[in-house]
Amino acid sequence: MVQEKGTISIHTENIFPIIKKFLYSDHEIFLRELVSNAVDATQKMRRLAALGKYNAELGDTTIQVSVDEAAKTITISDRGIGMTAEEVKKYINQIAFSGATEFMEQFKEARDANEIIGRFGLGFYSAFMVADKVEIQTLSYQEGAEPARWVCDGSTEFELTEGSRTERGTDIVLYLNTDNEEFLDRSRLQQILDKYAKFMPVPIQFGTRNSTEEDGTDEEGEPKYKTVEVPNIINNTNPIWTKAPTELSDEDYLNFYRELYPLSDDPLFWIHLNVDYPFNLTGVLYFPKLKNDFEVQRNKIKLFSRQVFITDEVKDIVPEFLMLLHGVIDSPDIPLNVSRSFLQADSNVKKINSYITRKVADKLLELFRKDRKAFEEKWNDIGLFVKYGALSDDKFWEKGKDFVLLNNTKSEYYTLDEYNAKVKDFQTDKDGRLVYLYTNDAERQDSYIQAANKRDYDVLLMNSPIDTHFTQHLESKLEKTSFKRVDADILDKLIVKENAQQHQLSDDEKSKVKDIFQKAIANEHMQVEVEALSDAELPVTITMEEWMRRMKDMARLGGGG
Ligand code: ADP
Ligand code: MG
C-alpha cells in the first residue's frame with residue numbers, strides 16, 4: 001500500500017546521472033557516508049539514553065554491514081534513532097541545494113566527491129553513485145512511532161510507504177548497478193571499511209570470521225582447539241588519539257604506529273596533539289626512521305574528522321616541512337569540503353598549521369634538553385626535518401636555532417652557539433669573518449681534513465642533500481659567518497688570532513726553546529726560529545746565513561768537478 005508518492009525537491013531534471021558521472025573516481029566513499037550516518041544515528045541514540053530521554057532497552061548498538069551476492073545488495077543496519085515518515089520527508093527528500101543552476105555551477109569547480117558532499121549535503125545521496133535503487137527501512141525511537149519505508153530508483157521520484165522494521169533503527173539497502181558489482185566482493189568491502197571506518201566510534205560488524213578457541217584437552221592432557229565463528233568487528237572505537245597522553249604508555253604509541261604502518265621500522269619518537277581552543281584538534285604525529293638516504297614516503301599522515309577517515313592528502317593543513325611525518329590528525333574544524341585555495345586562506349587551517357609547527361619545535365627542544373645524548377644519536381634522522389623546517393618556516397627557525405646541531409668529522413655535536421664559541425678565535429679570514437670549514441665527502445677530502453685538523457681547524461660534516469641550502473641559510477642568519485669547503489684553497493687564507501691558541505708558547509718559552517737548539521747546533525751562522533704553535537707543521541726552523549749556503553754549494557761543485 002503506497003502511503004505517499006512524490007518528487008524529491010531538487011529543481012533539476014535528474015541529479016543522479018550527474019552524481020554518477022562526475023564522481024566516478026570516488027565511488028567507494030558511498031560506504032563511508034552511509035556508515036558514518038549510521039554512526040551519527042547511534043551516537044544520538046546513546047546521548048538520548050544518557051540524558052534519560054529514552055527509557056527502553058538500548059540493546060546491542062553494533063552497526064551491521066552485509067552483502068547479498070545473489071540479490072546484489074549491500075545493507076547497512078544500525079540501531080540508532082531511526083526516522084519517522086515525516087523525518088524521512090524532511091531529511092532525505094529535501095536535498096540541500098537551492099537550485100540546479102547553482103549546483104551545476106559549483107559542480108564545475110569542485111574537485112572531488114568530498115567537496116560535493118560537503119557543499120550540498122549529498123552524504124546519503126552518494127549511494128546513487130553505485131546503486132540503481134535505494135531502499136530505507138526505518139523505525140524511530142520515539143514512542144508509538146510507525147515503521148517507514150522509502151524507495152527511490154535514481155530518478156527524482158520516490159515512494160514512501162509503511163515499513164517492516166520492528167526494532168528501532170535504520171536499514172539502508174543498496175541495489176548495486178551493473179557497473180559497480182565490484183562492491184559485492186567481500187575483500188573489496190573489507191578494504192574500504194578498513195580505510196574509512198577503522199577508527200569510527202561505534203562498533204561495526206562485517207560478517208563473521210573464523211577464530212581458534214581452546215576446546216578441552218586430549219588423552220595426553222594437551223589442549224585441543226576448535227575453530228569458531230566470531231563477529232568480524234572491523235574497527236577500533238577508541239584509537240589512542242582520543243585518549244589522554246597520561247593514560248598511554250610508549251608501548252601503546254608504538255603499537256598504534258605498527259597498526260597504521262605494519263611494514264615500517266619503529267618511529268624515533270612522537271608528539272601527541274591535543275587542543276580544543278581556538279580550534280579542536282587531536283592527533284599523534286610520529287617521526288619516522290629514515291631509510292636509504294632520506295627517502296621517506298610523503299603523504300603518510302591521515303586526516304580524520306571525528307574518527308571518520310577523510311584523506312591522506314594533508315598538504316595544506318600540515319606545514320610542508322612536516323609532510324615527512326607519519327600519523328593521524330583529527331579535527332572537525334578543518335573545512336574538508338571546500339576548494340584548495342579556500343583552504344589555504346582559511347584562518348583555522350592557518351592556526352592549525354602554526355600550532356603543529358610550534359608543538360613539533362617544543363617537542364624537539366624538550367628532547368634535546370632532557371637527553372642530549374639520545375638527541376645526538378637520532379640527529380641523523382631528526383636533522384633533516386629540523387633543517388627543512390628552519391629553511392621553510394621562520395617561526396620554526398626561531399625555536400630551532402637552539403637545538404640545531406652541527407656535527408664535525410670527529411662525530412662531535414655542537415649547537416650553533418657552542419660552535420661559534422669553539423672556533424671564533426681560530427677561524428677568521430682577513431676581513432674578520434668567521435669561516436666554518438666543511439666537507440661534503442669526508443672520504444675523498446680526507447687529506448684536506450687532516451691538513452685542517454693539523455692546524456687545529458675544525459671541519460663540519462655537511463653531507464645530506466639539504467645541506468647546501470642549509471649552509472646558505474646559516475650564512476644569512478649568523479653574523480659574519482661564511483661556509484667554505486675544506487678543499488677550496490682556504491686553509492692558507494685563515495688568520496690565527498694572536499694569543500688565542502691553546503698550544504701557543506709564551507715569549508719566554510720560545511726563547512728557552514731557541515736557546516736549547518742554538519746550544520746544540522753550536523754554530524753562530526745558523527739561525528733558529530721557534531713557531532708559536534707547538535704542534536705547527538714546522539715548530540722549529542733552522543736556517544743558514546746566505547753566504548754560508550753559497551760557500552757550501554761551491555765546495556760541492558768543486559769537489560764534483
Ligand atoms: P548529513 O549526514 O551531513 O546530515 P546526509 O545526506 O548524510 O547528510 O544525511 C541526511 C540526513 O538524513 C541526516 O542528517 C539524518 O537526519 C538522516 N539520516 C541519514 N541516515 C540516517 C540513519 N541511518 N539513521 C537516522 N537518520 C539518518
Ligand atoms: Mg552524512
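Modeller: I begin with Asp446, which lies in helix 13. Helices (H or I, at least four residues) and strands (E, at least two) are DSSP runs, numbered from the N terminus. The model is a predicted one, in which local features need pLDDT of at least 70 and side-chain atom pairs count only at pLDDT 80 or more, while totals for chains, interfaces and linings use all residues. Residues are numbered from 1 along each chain as its sequence is written, and chains are lettered from A and ligands numbered from 1 in the order in which they are written.

Asp446 counts as partly exposed because 13 other C-beta atoms lie within 10 Å. The scale is as follows: 20 or more other C-beta atoms within 10 Å of a residue's own make it buried, 12 or fewer make it exposed, and in between it is partly exposed, with C-beta atoms placed from the backbone.

Helix 13 spans residues 446-454, and Tyr448, Ile449 and Ala452 are buried in it. These residues lie on the same side of helix 13, because they cover an arc of only 100° around the axis; the arc is that of the directions from the helix axis to the C-beta atoms. An α-helix has 3.6 residues a turn, so residues three or four places apart point the same way. The cover over the buried residues of helix 13 includes strand 17 (434-439) and strand 18 (459-461). Just after the helix, Asp456 takes a positive phi of about 75°.

Asp446 and Asp40 are separated by 406 residues in sequence and by 66 Å in space, C-alpha to C-alpha. The protein has 16 helices and 21 strands, and 32% of its 561 residues are buried. Among contacts between residues at least 6 apart in sequence, 66% join residues at least 24 apart; two residues are in contact if their C-beta atoms, placed from the backbone, lie within 7 Å.

The largest nonpolar core has 91 residues, of which Val35, Ala127, Leu193, Ile204 and Val284 touch the most other members. Helix 2 (residues 29-50) gives the most to this core, nine residues. A second, separate core has 16 residues, among them Tyr436, Met462, Phe483 and Val486. A nonpolar core is a set of buried Ala, Val, Leu, Ile, Met, Phe, Trp, Tyr and Cys residues joined through C-beta atoms within 7 Å.

Ligand 1 is surrounded by 16 residues, the closest being Asn37, Ala41, Tyr91, Gly123 and Phe124; a residue is counted if its C-beta atom, placed from the backbone, lies within 6 Å of the molecule. Helix 2 supplies the largest share of that shell, five residues, and both helix 2 and helix 3 (85-93) supply at least two residues each.

Backbone features remain. Pro278 lies in the loop between strand 10 (269-275) and strand 11 (281-287), and the peptide bond from Tyr277 to Pro278 is cis, with omega near 5°. In the loop between strand 12 (300-305) and strand 13 (308-311) is Arg306, which has a positive phi of about 50° although it is not a glycine. Gln307 occupies the loop between strand 12 and strand 13, and its phi is positive at about 70°. Arg306 is partly exposed, with 17 other C-beta atoms within 10 Å, whereas Gln307 is buried, with 24.
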